[in-house]
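Biologist: I have a sequence and a model on my screen. Can you walk me through it, question by question?

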Amino acid sequence: MRFLSRSTGRAAALLSACLFGAIAFTAPLAATAAPPEPPPIFVLNSLDASVSVINPVDWTEKQRIPTGKEPHHIYMTPDEKSVIVANSAGDSLTFVNPRTAEVQRVVYGIIDPYQLQFSRDMKWFVTAANRLNHVDVYRWDGKDLKLAKRITTGKTPSHIWIDNTSTIAYVTMQDSDEMIAVDLPTQTIRWRVATGPMPADIYGVHNDKTLLVGLTGSDGVQVFDVAGAQPKLVGKIPTGKGAHAFRSAGDGKSVFVSNRVANSISRIDLATLKVTDTYPVPGGPDCMDVSADGKTLYVTSRWAKKLSVVDLASGKVVRQVNVGRSPHGVWTLDHAKRI
């Protein structure tokens with residue numbers, strides 16, 4: 001057996017200490033050197049039956065996910081483990097992992113799901129059948145959908161808003177110029193009210209006592225008081241031609257509305273219900289999402305095959321990303337508060 005000399009032993013001990021110190025010093029650096037990649041931005045290409053997956057770091061299209069025909073809108077499951085792509089002409093829902101863009105499953109037999117929304121208590125899932133003139137109310141158990149009732153509506157159901165009590169679903173009728181209120185527990189229509197031309201998206205404010213309705217066939221947003229037993233039209237907010245979709249700014253103080261024909265986005269103050277800012281966005285701006293820090297607006301330019309990125313501080317489009325034909329819904333996990 002060979003023994004180390006005292007000097008050799010001291011040197012070995014010193015070397016060992018240096019190596020241990022180096023490892024202890026560099027390990028935390030290695031752990032923080034590579035931050036996790038941010039979640040992608042999803043853009044639905046309605047005429048290509050696909051979803052573009054955008055990298056928000058280098059602003060490239062990483063991949064395209066094939067879906068059923070005509071994916072128009074996208075919505076998150078309550079547990080945020082999936083985003084659901086509604087394939088209206090494909091009669092199906094595609095569940096996608098919001099971080100990895102991996103397709104988790106496809107649910108068939110969901111008839112014409114043009115628009116979709118969950119209730120806040122996670123018990124109800126509602127779809128609007130744009131082609132077939134009905135609204136479907138499903139029960140949701142956290143995994144599977146069970147049809148409770150199919151409700152015949154007016155012409156071309158468009159968008160849905162479910163109130164914060166999870167008892168009423170408001171739905172616009174694009175081609176019969178009206179809005180209905182559906183009682184979710186009984187799956188019956190509470191009331192029906194006339195609107196302006198081509199009503200589209202709905203957004204609830206003032207604790208859902210007031211509804212904003214975008215008029216795609218006009219130049220602004222109608223304001224309805226729905227606090228009582230029957231709705232009352234109480235005003236209109238001029239925004240721009242083709243007022244269509246809403247998205248919360250995430251600050252609890254304002255909401256954005258896209259004006260497709262005017263090629264602009266308006267910011268509406270929730271306290272005064274007046275437009276405070278207008279941002280020019282080309283190509284028929286449609287659906288929107290807002291970054292988690294509230295500084296950036298992602299907009300699908302429906303007629304230009306682009307995702308437009310708006311810097312809200314400067315009010316300008318700072319980049320556009322090529323996507324597929326007729327981009328509609330847009331969504332990212334890294335988003336501002338929805339309400």
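Predicted model: local features only at pLDDT ≥ 70, side-chain atom pairs only at ≥ 80, totals over all residues.

Biologist: How many helices and strands are in the protein?

Modeller: Helices (H or I, at least four residues) and strands (E, at least two) are DSSP runs, numbered from the N terminus. By that rule the protein has one helix and 28 strands.

Biologist: What share of the residues count as buried?

Modeller: Buried means under 20% relative accessible area, exposed over 50%, and partly exposed in between (1.4 Å probe, protein chains only). The protein has 339 residues, and the buried share is 53%.

Biologist: Is T172 buried or exposed?

Modeller: T172 sits in strand β13, residues 168–173. Its relative accessible area is 0%, so T172 is buried.

Biologist: Which residue has its backbone oxygen 2.7 Å from a polar atom of the T172 side chain?

Modeller: Contact here means heavy atoms within 4.5 Å. Leaving aside residues up to four places away in sequence, T172 touches residues including T156, H159, M179, P199, A200 and V213. The backbone oxygen at 2.7 Å from a polar atom of the T172 side chain belongs to A200.

Biologist: Is V106 buried or partly exposed?

Modeller: V106 lies in strand β7, residues 103–108. Its relative accessibility is 34%, so V106 counts as partly exposed.

Biologist: How many residues of strand β21 are buried?

Modeller: Strand β21 covers residues 254–259. S254, F256 and S258 point one way, while V255, V257 and N259 point the other way, and all are buried. In a regular strand the side chains alternate between the two faces of the sheet. The buried count for β21 is six of six.

Biologist: Which residue stands opposite F256?

Modeller: Two strands pair if DSSP finds at least two bridges between them. Strand β20, residues 243–248, pairs with β21 in the antiparallel sense over four bridges. Opposite F256 stands R247.

Biologist: Which residue in β22 is the bridge partner of S258?

Modeller: β21 and strand β22 (residues 264–269) run antiparallel, joined by six bridges. Their hairpin has four residues between the strands, and N263 there takes a positive phi near 55°. In β22, the partner of S258 is I265.

Conventions: Residues numbered from 1 in each chain as written. Heavy atoms only, no water. Polar contact = N/O pair within 3.5 Å; in protein donor to acceptor, adjacent residues only side chain to side chain.
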